[in-house]
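We will take a short walk and stop at a few places.

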Amino acid sequence: TIHGFQVQPLRSAKTTLTKQQHESPTLFFAAKKQGGDSSDDAVVTLVHSHHLLDHKPDNMILKGGKYKLRGVGCLGRPGVALCVGEQAAINKFRSKLKTAMPQKKFGIISIDRSSIPSDELSKISDFEEATIGELRSLLAKLGHEHHFFTLTGIDPSNATHSEEGGLNSNSKKSAKKRRKK
């Protein structure tokens, strides 16, 4: 590992080496960044649509982890995913959503990472399903609750403070239970 890069000989990439490359293999390396999204390269984005309900293909919004993203996905009106990861992975995720649901419009809200407390961002370790209240709490912790009001159309002056304490290990189960009712 050199400066956060895992260094592997180019031969491991099943490339045919010339005689000169074979005789001096230390000159030819491919570097691969470890850990999916580096904290330096990660971007924070909200991917949203007017409504996404609990059926295929709408529930693809909950599959951000397949695209090496961290964050939360929320079904309902609106359907929203808060994504943390490399810009290319977010673009691929959004593209897959648009391809699966061409009738829906998917918007993007980019959030300036420098405005987010780094300790809060580091708490997001995988991609989970969340309720709309949990999404609001998470956005509030990140200092961007105003995006919640923009997406939902709720007037912030009429809103009450959410007491849902954010995401926990039961959030996925509790969200599914509420949808089944």
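Which residue is the bridge partner of glycine 71 in β5? Select cysteine 83: that is the β5 residue bridged to glycine 71. Before going on, note that this is a predicted model, in which local features need pLDDT of at least 70, side-chain atom pairs count only at pLDDT 80 or more, and totals for chains, interfaces and linings use all residues. Residues are numbered from 1 along each chain as its sequence is written, and side-chain values use heavy atoms, with hydrogens and water left out.

**Stop one: strand β5**

Select residues 79-85, which make up strand β5. Helices (H or I, at least four residues) and strands (E, at least two) are DSSP runs, numbered from the N terminus. Seven of the seven residues here are buried, so β5 is largely enclosed by the rest of the structure; buried means under 20% relative accessible area with a 1.4 Å probe, protein chains only. Look at both faces: Gly79, Ala81, Cys83 and Gly85 are buried on one side, and Val80, Leu82 and Val84 on the other.

Strands pair if DSSP finds at least two bridges between them. In the hairpin of β4 and β5, with four residues between the strands, click glycine 76, which takes a positive phi near 130°.

Rings of Phe, Tyr and Trp (its six-membered ring) pair if their centres lie within 6.5 Å; planes under 30 degrees apart count as stacked, over 60 as edge-to-face and the rest as tilted. The structure holds three aromatic pairs. In one of them, the ring centres of tyrosine 67 and phenylalanine 93 are 5.4 Å apart with planes at 45°, so the pair is tilted. Tyrosine 67 sits in the loop between β3 and β4 and phenylalanine 93 in helix α2 (residues 87-100), so this pair ties together parts 26 residues apart in sequence. Both residues are buried.

Turn to phenylalanine 93 and phenylalanine 127: their centres are 6.3 Å apart and their planes at 70°, so this pair is edge-to-face. Phenylalanine 127 belongs to strand β7 (residues 127-129), 34 residues from phenylalanine 93.

Technical notes. Buried means under 20% relative accessible area, exposed over 50%, partly exposed in between (1.4 Å probe, protein chains only).
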